[in-house]
Amino acid sequence: MDSEIKEEIPVHEEFILCCGVETQILKCGPWTDLVSDQSANKPKLLIFVIPGNPGFSAFYVPFAKALYSLIDGRFPVWIISHAGHASVPKDKKILTTSDDSNAQEIKDIYGIQGQVEHKLAFLRTHVPKGMKLVLIGHSIGCYFSLQILKRAPELPVVRTLLLFPTIERLSQTPNGRIATPILCWLRYVLYVISYLLLKPCPEKIKSLLLRVGLNMMNLSSEFSVSSVLEPFCIANAAYLGSQEMMEVVERDNKTIKEHLPKLTFYYGSIDRWCPKDYYEDIKKDFPQGDILLCEKNIPHGFVSSSNEEMAKMVADWLKYDLAKI
């Protein structure tokens, strides 16, 4: 894909209060307010991307741009950050609406169940009723996507794509065995270390560290990723991770069975968060399902290396659904 074309694709950044919590929304395409838009070219469908953990939406922009281009710019592609995983830069304003949900309505919003309600609150407040939806979940975002289908059957979701789905036995995976003691027993040490090292750190040093880190991972971002080094955001990501290890245990077969015709699962052949035997198990339990195994050695964090490749596969999976819109 030509890099100049991708650079021309408009991406609008907003910081909003969703359930009383600062939330970053990145909107790919010319549409920024679907609720108030009464124009003739108003889209009939929204592609909604739910990140993994940490939920830094800026890292998904290259994937969203590539996907938007491959669907010929027909529909907006929006990415939402997780609650508590985004800090508002000093030069940015927070947008508020009278319909935003009250923070007190959601218990433990930074936890795994609160994060699901956070996404539902956004969809109910910022997306018109009746607008068709495509959900794209990555990693723990797949768990959130299934929960959205379960808790809000009224939402007109036409397709849900689950990329490298961490939806079961998370603490038993190769990476989970390492992460569980760190996140569940030692995360308070992580809180203290991040606060002591990063809180007094000058912004220039943080910017340098971010540039070096992004270069080492072959990443780039046109939007601020300063949240990566914010102790508050790090603490919330670790807290969410600890709940993932404890709560993501049994696969929700009931929800999967109910919505199987509109689900696509994509497992990694080298994934240490949802290993190949998990793919084999779910394939055995749901032989009629659209359950695929990556044979291209794409890593779990595909946003770091394979954005265009993933976008091409996603666009291909969506061709039939989007052709009907």
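Which residues are buried in α6? I start my notes there, and I keep in mind that this is a predicted model.

**Entry 1: helix α6**

In α6, the buried residues are R187, Y191, S194 and L198. Viewed down the axis of α6, they fall within an arc of 75°, so they line one face of the helix. I recalled the general rule: an α-helix has 3.6 residues a turn, so residues three or four places apart point the same way. Then I checked the face of α6 turned away from the buried side. I found the exposed residues Y188, L196 and L197 there.

I also checked the length. Helix α6 has twelve residues, 187–198, and at 1.5 Å a residue they should span 16 Å. The end C-alpha atoms of α6 are 16 Å apart, which agrees.

**Entry 2: K27**

Next I picked a lysine in a strand. K27 lies in strand β2, residues 21–28. Is K27 buried or exposed? Its relative accessibility is 4%, and the cut-off for buried is under 20%, so K27 counts as buried.

I then looked for polar partners. The side chains of K27 and E14 are joined by a polar contact of 3.1 Å. A polar atom of the K27 side chain also lies 2.5 Å from the backbone oxygen of T32. Leaving out residues up to four places away in sequence, K27 touches P10, V11, H12, E14, T32, V77 and W78.

**Entry 3: α3 and α8**

Last, I compared two helix axes. Those of α3 (residues 112–126) and α8 (residues 231–247) come within 9 Å and cross at roughly 110°. The two helices, α3 and α8, are therefore roughly perpendicular to each other. On the α3 side, I112, Q113 and Q115 make the contact. On the α8 side, I noted L240, Q243, E244 and E247.

Notes
Residues are numbered from 1 along each chain as its sequence is written. This is a predicted model: local features need pLDDT of at least 70, side-chain atom pairs count only at pLDDT 80 or more; totals for chains, interfaces and linings use all residues. Side-chain values use heavy atoms; hydrogens and water are left out. Helices (H or I, at least four residues) and strands (E, at least two) are DSSP runs, numbered from the N terminus. The expected span of a helix is 1.5 Å times one less than its number of residues. Buried means under 20% relative accessible area, exposed over 50%, partly exposed in between (1.4 Å probe, protein chains only). The arc is that of the directions from the helix axis to the C-beta atoms. A polar contact is a pair of N or O atoms within 3.5 Å; within protein, one must be able to donate a hydrogen and the other to accept it, and residues adjacent in sequence count only if both atoms are side-chain atoms. Contact means heavy atoms within 4.5 Å. Axes are lines fitted to C-alpha atoms, for helices over the stretch in contact, and angles run from 0 to 180 degrees between N-to-C directions. Angles under 35 degrees count as roughly parallel, over 145 as roughly antiparallel, 65 to 115 as roughly perpendicular and the rest as oblique.
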